Amino acid sequence: MMAIEKKMRKGNILKIIAFLGFILLLLFYSFFLLQSKFFLKADASESDDKVVEAPVNNEPIDAELEIDDKPIDTIEEDRSTDEKPTTIKEPTVEPTPDTKNPTIPEIDVEKEIDQEQEEPKETLAPPSRAVYLTFDDGPHKVSKDILALLDEYDAKATFFMLDNNIKNYPDAVKEMVSKGHSVGLHGVTHDKHKFYQSSKSVIGEMEQTQQTVQELTGIETDLIRTPFGSAPHMTDAYKDAVEASGYKMWDWNIDSRDWQFRDSRYVDSVIDQLNKLNRVNEPIVILLHERPETLEHLPKLLNYLKEQGYELKALESSMHPIQLF
Ligand SMILES: [Zn+2]
């Protein structure tokens, strides 16, 4: 009986040992599984990180910001390693089956993306440049409305006017002067055959207009614009005569063609030319006309220029004039 009982006990002990061994095997197996799963996740987070870094390398400014940010994040995550900040080594150093750690880099990556998207917006301020609006052929019955609109936008402009029109709308000219706009001369006839006949005719028309402005406002302006612009009719001899008489002859570098379009297309044309204009050292001078259609769509142009951060100013005698040729 005792011998049977001993055998049975021995058998139970063997069974228990075998059971314990099985449990141990299970534990090892599960540990191995968790470990391999952990490494897979760690690899995935590293590859995610590389995907985020790739577009940053294309932009040197962002890349610098990225390098500045990175060490702070990695120090917070892993204080035990002195590895390079571009690779996250934490999971390999401490391979505990903690499922929270591998998700931390993913959250930080999202944060970094947010930072990259926000920071350039703050640093990119609109450029502050001057635009010189110039209105030809006036004054006109719409002059006062143009002046009121310019006031609304805190804008100054320059008016190149014809002698007869100055006589017809003297109050408009006075208002231009009192509001700080610049007044300029555009001649008498606006007829290219008469105006460009000789250097004498060119100077004569300008002197007559100047006298009218001076009598009306007390201002002796030296700003002139010849009819249809200086090219091709202004010869070198004419230009010399203009200079000898002390006039500053202004053309433009943006032609709105408002007289041709007679609708809002002139605004689109100006915006298009403005975006293509690459002559940084020159003042931006836009040719417009005192016309009802120009006034009608002028708010659209003024809105755009203000939104873009342009300052709308009047031409001054001290400036070096823009000329077509
Ligand atoms: Zn004209």
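**Notes on the predicted model**

1. Let's start with helix 13 (residues 292-307). Its buried residues (buried meaning under 20% relative accessible area, exposed over 50%, partly exposed in between, with a 1.4 Å probe and protein chains only) are E293, T294, L295, H297, L298, L301, L302, Y304 and L305. Helices (H or I, at least four residues) and strands (E, at least two) are DSSP runs numbered from the N terminus. The cover over those buried residues of helix 13 includes strand 1, helix 5 (143-152), helix 11, helix 12 (265-276), strand 7 and strand 8 (311-312), where a contact means heavy atoms within 4.5 Å.

2. Before going on, keep in mind that this is a predicted model, so local features need pLDDT of at least 70 and side-chain atom pairs count only at pLDDT 80 or more, while totals for chains, interfaces and linings use all residues. Residues are numbered from 1 along each chain as its sequence is written, and side-chain values use heavy atoms, with hydrogens and water left out.

3. Does the length of helix 13 agree or disagree with its residue count? It agrees: 16 residues at 1.5 Å a residue should span 22 Å, and the end C-alpha atoms are 24 Å apart. The expected span is 1.5 Å times one less than the number of residues. There is also a kink of about 45° at L298, shortly before the proline P299; the bend is the angle between axes fitted to the seven residues ending at a residue and the seven starting there. After helix 13 comes G309, with a positive phi near 85°.

4. Now the largest pocket, which holds about 290 Å³ of space. Strand 1 (130-138), helix 11 (258-261) and strand 7 (284-289) are the elements that each give two or more residues to its lining. That lining has 16 residues, with D137, F228, W259, L287 and H289 nearest the centre. By class there are four nonpolar, six polar and six charged residues. On terms: a pocket is an open set of points on a 1 Å grid over the protein atoms alone, where a 1.4 Å probe fits, with protein on both sides within 12 Å along at least five of seven lines; lining residues have an atom within 4 Å of a point.

5. Leaving out residues up to four places away in sequence, K192 touches Q197, F228 and H233. Its C-alpha atom is 7.0 Å from that of P227, 35 residues apart along the chain.

6. Next, some backbone checks. Most residues other than glycine have a negative phi, and most peptide bonds are trans. Cis peptide bonds join G138 to P139, with omega about -5°, and A231 to P232, with omega about 5°.

7. Finally, the whole chain: 13 helices and eight strands, with 39% of its 325 residues buried. Among contacts between residues at least 6 apart in sequence, 77% join residues at least 24 apart.

How values were computed:
Points joined across faces, edges and corners; volume = space filled by probe spheres on them. Nonpolar A, V, L, I, M, F, W, Y, C, P; charged D, E, K, R; others polar.
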